Amino acid sequence: MKRLLIILTCLAAIALIWYNHISDHDGLTPFNQRGITTSPSLVSSGLHFDGINDYVEIPDNDLLAFSNELSFECWIKPEATDHNHIVTKQYCANHQYSFSLFLHNGKLKFAFDEDGICNAATSPVSIYSMDEGAVKTGVWQHVALTYSTAGAHFYVNGKECPGTLTGNYTSIYNSISPLRIGGYQLGTAELTNFYQGMMCEFRSWNYARSREEIQAQMFTRLEGNESGLVLYYAFDGGMVDSDNTNAFNLSDKTANHLNGRLQNFSLRDKRSNWTGSIVDEFDNLKKPGN
Ligand SMILES: [Ca+2]
Ligand SMILES: [Ca+2]
């Protein structure tokens with residue numbers, strides 16, 4: 001009898017071990033019930049903006065007085081392309097209008113001003129509007145603007161998209177407004193016309209880059225010490241789609257260290273949070289001209 005009990009106990013133990021083995025490999029037992037975290041540990045390379053109130057604010061700095069020349073470029077995967085602002089430095093009601101780069105009806109637009117006054121009747125801002133080409137929703141695209149008093153140029157995926165100027169090419173007013181990525185300040189302290197979707201690899205330059213320069217570096221990450229580079233945000237401030245509730249610093253990879261601060265991001269899920277980006281696919285992408 002005693003021997004039988006030992007045999008039964010052993011059989012029960014073997015059965016229990018076998019059951020646990022099956023459970024671990026049947027794909028049905030949630031990892032978190034086994035005490036294993038599901039959180040990916042990949043460092044982010046992009047940021048998702050909710051289109052409701054998310055934006056990034058960079059305090060004003062003398063290095064952001066672009067005046068006669070500038071370039072902006074970034075990768076975007078927009079969810080809307082109608083009055084969604086990519087980067088702005090302006091406060092219209094207080095006569096502090098420098099510029100705004102935004103999406104409107106699937107086109108890029110760049111509004112800029114020489115005296116900071118954005119009164120439509122007496123001192124309107126100038127606007128360069130994209131005529132040919134389109135910025136689409138739901139796909140990653142590289143967008144770039146170059147500006148000098150000699151003219152402006154838009155590029156989508158490294159290809160120039162001709163546009164039309166309303167107003168004059170002038171020196172751009174040096175506003176004391178903060179630089180903002182993803183939000184626009186019109187007539188009150190409230191921001192509006194938010195960018196909605198993902199963004200990565202945001203770069204600002206203090207000169208008008210050539211098409212060849214844009215094409216040469218759009219598929220590579222920068223070092224941060226490239227000549228003329230004023231801001232470089234690689235969006236690596238959090239973990240991909242994880243709880244990032246304390247990760248609200250947007251780090252500038254240049255020696256200028258013009259860091260931004262995330263505003264109104266939820267920083268918890270796939271939206272309104274640090275996320276992955278097109279950068280993860282750079283090595284597999286077809287280069288322009290190939
Ligand atoms: Ca004006
Ligand atoms: Ca938000």
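1. Strands β3 (residues 69-78) and β15 run antiparallel and are joined by seven bridges. Within this pairing, Ser-71 has Trp-205 of β15 as its bridge partner. The model is a predicted one, and the points below should be read with that in mind.

2. Strand β15 also pairs with β1 (residues 46-50), again in the antiparallel sense, over four bridges. Here the bridge partner of Phe-49 is Gly-197 in β15.

3. A further antiparallel pairing links β15 to strand β16 (residues 229-233), with four bridges between them. Arg-203 is bridged to Tyr-232 of β16.

4. How many residues of strand β15 (residues 196-205) are buried? Ten of the ten are, so the strand is largely enclosed by the rest of the structure.

5. Asn-259 lies in a loop, the one between β17 (249-250) and β18 (260-263). Is Asn-259 buried, exposed or partly exposed? Asn-259 has 16 C-beta neighbours inside 10 Å and therefore counts as partly exposed, since that class falls between the limits of 12 or fewer for exposed and 20 or more for buried.

6. Leaving aside residues up to four places away in sequence, the contacts of Asn-259 are Asn-249, Leu-250, Ser-251 and Asp-252.

Technical notes
Residues are numbered from 1 along each chain as its sequence is written. Chains are lettered from A and ligands numbered from 1 in the order in which they are written. This is a predicted model: local features need pLDDT of at least 70, side-chain atom pairs count only at pLDDT 80 or more; totals for chains, interfaces and linings use all residues. Helices (H or I, at least four residues) and strands (E, at least two) are DSSP runs, numbered from the N terminus. Two strands pair if DSSP finds at least two bridges between them. Two residues are in contact if their C-beta atoms, placed from the backbone, lie within 7 Å.
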